[in-house]
Structures are given as C-alpha cells and as structure tokens.
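Biologist: I am new to this structure and would like to learn how to read a few of its features. Could we go through them one at a time?
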Amino acid sequence: MIRMKALGGALTALATAAAGVFLAAAVSTTPASAAGTGTGYLHTNGNQIVDSTGATVRLTGINWFGMETDNKTFHGLWSSNPWRGQLDTMARLGYNTLRVPYSNDSVKAGATATGINDFVNPDLVGLSPLQILDKVIAYAGSKGMRIILDRHRPTSAGQSPLWYTSTVSEATWINDWKMLAQRYAGNPTVIGADLHNEPHAEGTNPAATGACWGCGDTNRDWRLAAERAGNAILGVQPNWLIFVEGVSCPSGGLSNVWDNDPSNDEDCGWWGGNLSKAGQYPVRLNVPNRLVYSPHEYATSVYRQTWFDAPDYPANLPAIWDKYWGYLYKQNIAPIMMGEFGSTLADPKDRVWLEKLMAYTGTGVTGMSFTYWSWNPNSGDTGGIALDDWTNVNTTKQAILQPYLIAPSGGGPTGGPTGGPTGGPTGGPTGGPTGGPTSAPPGACTATYRQVNAWQGGFQGELTVKNTGTAAVNPWSVTWSWPSGVTLGSGWNATVTQSGTTVTAAAPSHAPSLAAGASVTVGFTANGTASAPATVKLNGASC
C-alpha cells in the first residue's frame, strides 16, 4: 500500500492507497506440473512451490483490498457487480490466487463491515468482516483459487514501519495470526500468512528506529520477528506457507547524506522490497519447506527511482532485481512470490517496466509466483485490473499479464472450503465418458426451488435437483427457463450461463458426476422480477 525508497543515498517516502509487489526469475528445471493451484496444502522444494503430490504450482494471483481500511471489508461491494461476479471474473481472467489485506481492527470481536450494496449483495447483510471473508474464501476455493492472508496494517489508520505499534503489540499481532490459522485449519483453500506488509526504515542513521534485517535488535530486526510469528503460526497450522517480505533499508534507518559519513549511506529499495540480506541472514522456521520470500516492486507511477532514469534503462532492471531479491530464486534458496507490483501505465516507461518484470519472472509453471496490485480500480497510485464499474477490465494491463497467468482449474483443493456456498470454475465441464454426457431417463429427477432473498430489481434463489434414477449422470447439466426480462447475475455450484430465456447450469470439472440418489443445489442471483425456474431438466429429461 505505501512504500518508501532511497534515492541517491537519501530515502524518500511515498504514501499510496495500496501497495504492489514483484516476483522473479527464470527456470532451469521441468518438474511435474499441477493444473491450476494443485491438490491439498502447498509446501516448498528449493525455489519452487509444490502441492501435496509434489507437483509444481505457480501462484498467479491478484490483490483485492479493503479489509485493511475503515470499511473493514472488500472494496467494490458497493458496486452493481455482486461479490461472486467479481470473483468469477478474476478466475476467468486466470488469477488463481487472491491476496487479502486486512488490519487487526477488522478481525476484532464486534468489528463492523461497511460500504456494502445491500440490493446487490443481500447475502452479506449483517455479517461481520470475518464472516464475509469466510464466504469469499469458500467461493474462491470452489473455483480452484487459493487465498493468502496479508496483515497489511495494525489499524485501519495506516501502515507501520514495524510489526507493532504503541497500540497494537507484538502479542496482538501474533495472537490474531494464530486465531486466523485456527479458524481456517483444515481448509486448504487458505494456504498461508503474509506476516506484515512492507516493513521499512524510519529515523535517520545512526539513530535508526525502523525495521532492519539482520541487525540483531529484537525490537527492530524484522527477520527475527518473522521467525517468532512464523513459528507461532506453524505451531497452530503446520501446513501453511509463511510469506516474508523484505525491508527498505537493511539498517532500518534513512541515510544521512549530509554527515559526510559513507557508512550511513546504504543502498535501499522499495518498502518490503529489499531482501538483499536474506541470503546472509535467512528466516529460520521450525517446520521445513514452508518459507516463501515475498518482495514488492513498483514503477514510476509510485515513485521515480534513480534506476528509471539511468542511461541504460530498461536493460539495467534485471541486475537490480537480482540484487534485491531475485538471487534467492536463482540460487535455489527459496521460492519468490511477488506480493505486490503494479502501475497506472500512464508513463511510457511503466509499460516497459511491467513487460520486463513479467519476463523476468519466467514463463510456465516453474516461473516465479506473484499477486498483482490490484483488482481495485481505486488504488490511487496504480489503478486496477477492474475499471471504475468493478465489472469491465483494463485490457492493456491484462494483455501484458495474460501470458503469465495459470488459471485455476478443478474445484476446491482437497479438503474443500469450509462454510458458505460452493461453485464451479468458469468454463464448461470437463471429463465424462467418451461419447458425451449420460442422459437421465424421463421422471428420473426431482426439482425444488427456494427463493433466498429479493430486492428492488433482483432476487437470489437456490434450485435443488435430485437424481432419482438408478445410475449416475456424468457429466450432469441442469437447464431451466425464466420469463423474458429476467437475466442471470451470478451463479455458483456450477458454471451457470444464460441464452435467451434458457439458463444452463453445467457441472463443475471437479464434480462432474451426479450419483444416483444424490442432489445438487445451484445458487444464483438474477436481475428482474423474482421468478421460479420453469421446465427444469436434468440432461434433457424433465424433472
């Protein structure tokens, strides 16, 4: 969200509405790859992230912020696009991971979420921030996406250079992480903790008061704090990945260029983006193969670093990334997951920067992981993938990122999400026997409908279809009709589409078969006068 950087020895700060990150490197090996985000919990193997079967997984995600702000929940819930519709678009575009920033304020007992359009998101009315998060996690997981939780701010007021403040102690920071680890234990949709967003320098050297790396001061050494928090989390949930960002200046202080003391003039980088000391002073966790380094990287739309004006720009960029964090990947020390990176692309140099950065991460499943900043169009210094209507997308940015995205596939990871509705990935069903789907004989199904909610201009419903035949239907497909003027808003538990007055709910690829005696409930929101589905059919047979 906010980042700072040293320029010519002097560190200059820049506050922004949201932060961005980068990740990097080329690949030399070709291990087994996993479709989408793989199976079960994830762990590390050298510079790769792998799933429970050992297949390599690349996280190609996006940030959806807001839970760290005064709203205490995702931004854009005030728009005309339902929350599920926004996740549908993210998954369809190829973002397989969602990084969710939060503040400790938002996870407190009694915290209240604001900025929600009740007509569009009636299922969120009265829910706490954590209950809304539960629903987002459940639906994202049903689409094969993964979730990374990011402690972005101690309070909704703003970021902090250290992981604690005068009002939010280290104990609170760690205890809240343990609470979240326990809340989502057993749910492999949630894969890990980004411990603290953008630790950075404060105070002028030699009187540094900000986050250092490897200085040994337990009150300021971010590396030691990351070990304490990471090990506390792993004590509750040993399957999580621990994402550790860098600092800005390893000393934790801003350079003093006026004291004529070169020892105080160190090389600094973006807030959270400097991992140059991690090779010498690595984060040590009690559970092996859980550490992922997560730098942030930005463009001139955030701050005009000296390297953007170098005569050899952009050829100088790979060496800069190598120095700050890329070496960790290239030397097979640990995986890189660039947690934030982004730009408005207003400056022509920014487009070149983004293209070079993506190429640096490498192509294919063995490339570096990343979560782009951001989905939100209201990020003041970067803008978003979503446009101001929270529905349409910035095609220029998306075109640059698209070749590096690995879409989620399959349903929720093994173990399934807990709570909330489930839904299938965007796109048609896969699998099924050769020769097309199995038909259901007439009278071999029953259908029941429940209207969940209604509001001016729309409604929410659930259609439950039971296979009353003696054989499985594989892959299953349910159709129904609506009166003219009723249009689909969003759907879940299936891939739901509409053509004219006919709606089709196709089986998700992770659950293509509907066993004899089994039922499926398709949820949806729709625009228009509340209407029950008519002429319901299972694979062409009337129910």
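Modeller: What follows is a short tour of helix packing and of some backbone features in this predicted model.

Biologist: How are two packed helices described, and at what angle do α2 and α3 pack?

Modeller: Two packed helices are described by the angle between their axes and the distance between the axes. Here helix α2 (residues 129-142) and helix α3 (residues 170-183) pack at an angle of about 40°, with axes 13 Å apart, which makes α2 oblique to α3. Their crossing is right-handed, and the contact is made by Leu130, Gln131 and Asp134 of α2 together with Met179, Leu180 and Arg183 of α3.

Biologist: At what angle does α3 pack with helix α4, and how far apart are their axes?

Modeller: For α3 and α4 (residues 222-236) the angle is about 35° and the axes are 9 Å apart, and this crossing is right-handed. The residues of the contact, among them Trp173 and Trp177 of α3 and Ala225 and Ala229 of α4, divide into 10 nonpolar, 1 polar and 3 charged.

Biologist: Turning to the backbone, which residues does a cis peptide bond join, with omega about 5°?

Modeller: Most residues other than glycine have a negative phi, and most peptide bonds are trans. In this model a cis peptide bond joins Tyr313 and Pro314, and Pro314 is found in the loop between β12 (296-298) and α5 (317-330).

Methods:
Residues are numbered from 1 along each chain as its sequence is written. This is a predicted model: local features need pLDDT of at least 70, side-chain atom pairs count only at pLDDT 80 or more; totals for chains, interfaces and linings use all residues. Side-chain values use heavy atoms; hydrogens and water are left out. Axes are lines fitted to C-alpha atoms, for helices over the stretch in contact, and angles run from 0 to 180 degrees between N-to-C directions. Helices (H or I, at least four residues) and strands (E, at least two) are DSSP runs, numbered from the N terminus. Angles under 35 degrees count as roughly parallel, over 145 as roughly antiparallel, 65 to 115 as roughly perpendicular and the rest as oblique. A crossing is left-handed if the near helix is turned anticlockwise from the far one by less than a right angle, and right-handed if clockwise. Contact means heavy atoms within 4.5 Å. Ala, Val, Leu, Ile, Met, Phe, Trp, Tyr, Cys and Pro count as nonpolar, Asp, Glu, Lys and Arg as charged, and the others, Gly among them, as polar.
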